[in-house]
Amino acid sequence: MALALAGTLLAQGPMSLTLAEAEKLAIKNNPALSAAQLIARATGQIPLEIGSALQPTVFGSVTGVGADSGSRIAAGALNNPSVYSRLGTGITVNQLITDFGRTRNLIESAKFNAAAENQIAETVDANIVLQTDRAYFAVLRAKSVLTVSQQTVTARQLVSDQVTALEKNAIKSLLDVSFANVNLAQARIQLSAAQNELSS
């Protein structure tokens, strides 16, 4: 999901998104949600399929045989060679009278499965929104950390410059300058980490 969203964003170039726009874009471009919704729709048709066993079944058949004289087998059955040609038709009606509730129970079970698939689709939707919200707030957090890191580097650079100037005037020692420079280096490392986090 995050890769699809990132790919879409990179293809479109830099853009500002509100949280609602990011959620809408993630839901629109996520194939897992479409797959879950299609599975839920297909599962919703199974109760109708099972319920068809309760409906009457009607089918017709027409058979015709033209037999060769002396032939003993025609149309997959034994044939009387004295009857050369014949035609048969028929209609069959089949109605289930009772199966002691088996079909009704299968229908109910299929309805529960369809409801479960609908809930799975809703869960996939909610997970997409949750992951999008996490990613969105992670970017906001990374921007805030970057801003604080930049301010920290600026402040520690000022302190380092002041301590260096005081050391030149013999008010501070080289040890104080070293501590100030170490603090500045740590702030620069934190700034670099914040930039990397925001980029990722």
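Student: How many aromatic pairs does a search of the whole structure find?
Tutor: Quick caveat before we start: this is a predicted model, where local features need pLDDT of at least 70 and side-chain atom pairs count only at pLDDT 80 or more, while totals for chains, interfaces and linings use all residues. Residues are numbered from 1 along each chain as its sequence is written, and side-chain values use heavy atoms, with hydrogens and water left out. Rings of Phe, Tyr and Trp (its six-membered ring) pair if their centres lie within 6.5 Å. With that rule, the search of the whole structure comes back with one aromatic pair.

Student: Is the pair of tyrosine 136 and phenylalanine 137 stacked or edge-to-face?
Tutor: Go by the ring planes: under 30 degrees apart counts as stacked, over 60 as edge-to-face and the rest as tilted. The ring centres of tyrosine 136 and phenylalanine 137 are 5.7 Å apart and the planes sit at 85°, so the pair is edge-to-face.

Student: How many salt bridges turn up in the whole structure?
Tutor: Here a salt bridge is a side-chain nitrogen of Lys or Arg within 4 Å of a carboxyl oxygen of Asp or Glu. Glutamate 108 pairs with lysine 111, their closest N and O atoms being 3.9 Å apart. Glutamate 197 and arginine 141 meet in a salt bridge too, at 2.6 Å from N to O. For the whole structure, the search finds two.

Student: Which helix holds both glutamate 108 and lysine 111?
Tutor: Helices are DSSP runs (H or I, at least four residues), as strands are (E, at least two), numbered from the N terminus. Glutamate 108 and lysine 111 are three residues apart, about one turn of the helix, and the helix holding both is H4 (residues 102-168).

Student: And which helices do glutamate 197 and arginine 141 link?
Tutor: Glutamate 197 and arginine 141 form their bridge at 2.6 Å, N to O. The two are 56 residues apart, so to speak a link between distant parts of the chain: glutamate 197 is in H5 (residues 174-199) and arginine 141 in H4.

Student: Why does glutamate 197 count as partly exposed?
Tutor: Buried means under 20% relative accessible area, exposed over 50%, and partly exposed in between (1.4 Å probe, protein chains only). Glutamate 197 counts as partly exposed because its relative accessibility is 34%.

Student: Why do the buried residues of H2 sit on the same side?
Tutor: In H2 (residues 19-28), the buried residues are Ala22, Leu25 and Ala26. The arc is taken from the directions running from the helix axis to the C-beta atoms. These residues are on the same side of H2 because they cover an arc of only 100°.

Student: What span should the 67 residues of H4 have, and how far apart are its end C-alpha atoms?
Tutor: The expected span of a helix is 1.5 Å times one less than its number of residues. For H4 that should give 99 Å, which agrees with the end C-alpha atoms being apart by 96 Å.
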